[in-house]
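Please open the structure in your viewer and keep the selection panel at hand.

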Amino acid sequence: MKERETFASRLGFVLISAGCAIGLGNVWRFPYIVGQYGGAAFVLIYLLFLVIMGLPIMAMEFSVGRASRKSILASFQVLEPKGSKWHWYGWFGMAGNYLLMMFYTTIAGWLLLYFFKVAAGEFRGLDAAGVETAFGAMQGNVGIQLLFMGIVVVLGMLICSRGLKNGVEKVNKAMMLCLLALLVVLAVRALTLPGAMEGVKFYLVPNFHNLMYDADGNFRLFRAIYDAMGQAFFTLSLGIGAMAIFGSYIGKERRLFGEAINVGVLDTCVAFVSGLIIFPSAFAFGVNPGQGPSLIFVTLPNVFNAMPGGQLWGALFFVFLFFAALSTVTAVFENILACWMDRFGISRGRAVLANLVLIFLLSLPCLLGNNLWSGVRILGRDVLDFEDFLVSNLLLPLGSLVYLLFCVTKWGWGWDKYLAEANAGEGIKMPRGLKPVFQFVLPILVLVILIQGLLP
């Protein structure tokens with residue numbers, strides 16, 4: 001039997017796991033939702049749920065991966081009690097990885113294309129309406145989107161084809177270190193803009209009134225708590241085995257709760273510092289920072305237009321975003337390839353070739369949903385939004401609930417076996433006394449996220 005690959009270093013494991021968690025939601029959703037709900041007041045609630053819910057479930061994914069030495073399609077089979085059916089979820093988790101890539105590759109392609117457009121000065125002199133028109137024209141151009149989506153898929157698979165150490169780890173390490181360096185440079189530039197401090201105040205000064213009441217004076221504290229809980233949960237990409245696969249590649253030198261904390265801190269730092277780029281920039285040039293995806297592709301290019309040296313800063317910003325997206329793409333590709341190698345016993349090369357074609361074809365509906373299939377609606381959503389809904393609102397919370405119950409109930413792997421695995425090695429220990437919290441409190445919190453996410 002072929003020996004399983006392992007990471008060359010602990011830093012590689014932490015950076016790749018963080019790279020999988022760090023995505024576009026860190027850049028536009030976290031800053032927006034923090035500003036919407038009263039700045040630092042909301043951050044405190046978010047951090048509370050990150051510690052009591054997000055990090056423990058991440059440690060569970062790592063533990064299942066490390067104990068089984070397998071991907072999500074095979075890990076439950078190795079660890080589950082004889083005759084049980086926990087392994088059925090592996091197919092749903094696998095589907096979640098494909099669904100995520102069905103729209104993420106298209107968005108990553110947009111980011112790469114925007115880098116070239118901004119660097120070439122294509123948006124120079126355009127107002128917000130002009131940038132929006134240019135963005136719409138890009139979405140309507142099937143050929144250019146096919147080209148850049150294809151580049152993302154080929155590049156991701158090319159990295160993964162080099163193996164874990166020489167491909168995924170080496171490239172992601174470099175990308176993440178560049179991403180963090182760009183983050184600091186862009187934040188320093190944003191904070192030195194005239195009027196930037198107004199944005200910093202809006203972002204960081206606790207406003208408990210905004211936390212509890214909306215603009216119309218309606219009480220919304222419970223909604224704010226739910227959104228903090230959801231952000232802490234979704235930011236870590238839990239539930240589809242994306243973290244478990246990296247657990248399967250590490251040794252038992254370090255306890256896994258401490259490693260989950262390292263990943264969570266890095267993920268949160270990127271989200272937090274992204275706000276220090278977006279809010280000062282937006283306030284300095286009098287634009288609204290709370291616009292979801294259009295913030296990235298319409299509002300911020302307009303900000304860079306008005307900024308001295310904006311062509312350079314805009315290009316760097318989209319390089320930063322592309323690295324954030326590509327780190328997620330390569331991490332999820334690695335999970336998909338490991339599933340094929342574990343389940344079907346084929347070589348990495350054959351898995352790469354099969355999935356290169358498969359993911360390209362599966363990405364087409366999202367790409368065409370912006371133009372030729374723009375009239376297609378599924379449950380009132382366009383193709384991209386529907387695919388995102390299935391992953392974010394269904395498979396991530398459902399999968400996290402499965403991992404949680406698998407690790408704490410006697411019908412699954414069980415608390416004692418999970419704890420022994422999580423606490424093997426040195427580092428921060430998972431306390432044994434938290435079992436009642438994991439058995440009764442956390443499942444309820446995840447169920448709340450699942451049910452709220454599925455409600456219209």
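Begin by selecting Cys339, which is buried, its relative accessible area being 0%; buried means under 20% relative accessible area, exposed means over 50%, and partly exposed lies in between (1.4 Å probe, protein chains only). This is a predicted model, in which local features need pLDDT of at least 70 and side-chain atom pairs count only at pLDDT 80 or more, while totals for chains, interfaces and linings use all residues. Residues are numbered from 1 along each chain as its sequence is written, and side-chain values use heavy atoms, with hydrogens and water left out.

Next, select Cys407. Cys407 is in no disulfide (a pair of cysteine sulfur atoms within 2.5 Å); its nearest cysteine sulfur belongs to Cys339, 17 Å away. Cys407 is also buried, with a relative accessible area of 0%. A search of the whole structure finds zero disulfides. Cys339, too, is in no disulfide, and the nearest cysteine sulfur, that of Cys20, is 12 Å away.

Now turn to the aromatic rings. Rings of Phe, Tyr and Trp (its six-membered ring) pair if their centres lie within 6.5 Å; planes under 30 degrees apart count as stacked, over 60 as edge-to-face and the rest as tilted. The structure holds 35 aromatic pairs. Select Trp413 and Tyr418: this pair is edge-to-face, with 6.4 Å centre to centre and 65 degrees between the planes. Both Trp413 and Tyr418 are buried.

Which residues form one aromatic cluster? Select Trp110, Tyr114, Phe123, Phe135, Phe297, Phe304, Phe317, Phe318 and Phe320 to display it.

Finally, select Arg381 and Phe389. The charged end of Arg381 sits over the ring of Phe389, 3.9 Å from the ring's centre; this requires NZ of Lys or CZ of Arg within 6 Å of the ring centre and within 35 degrees of the ring normal.
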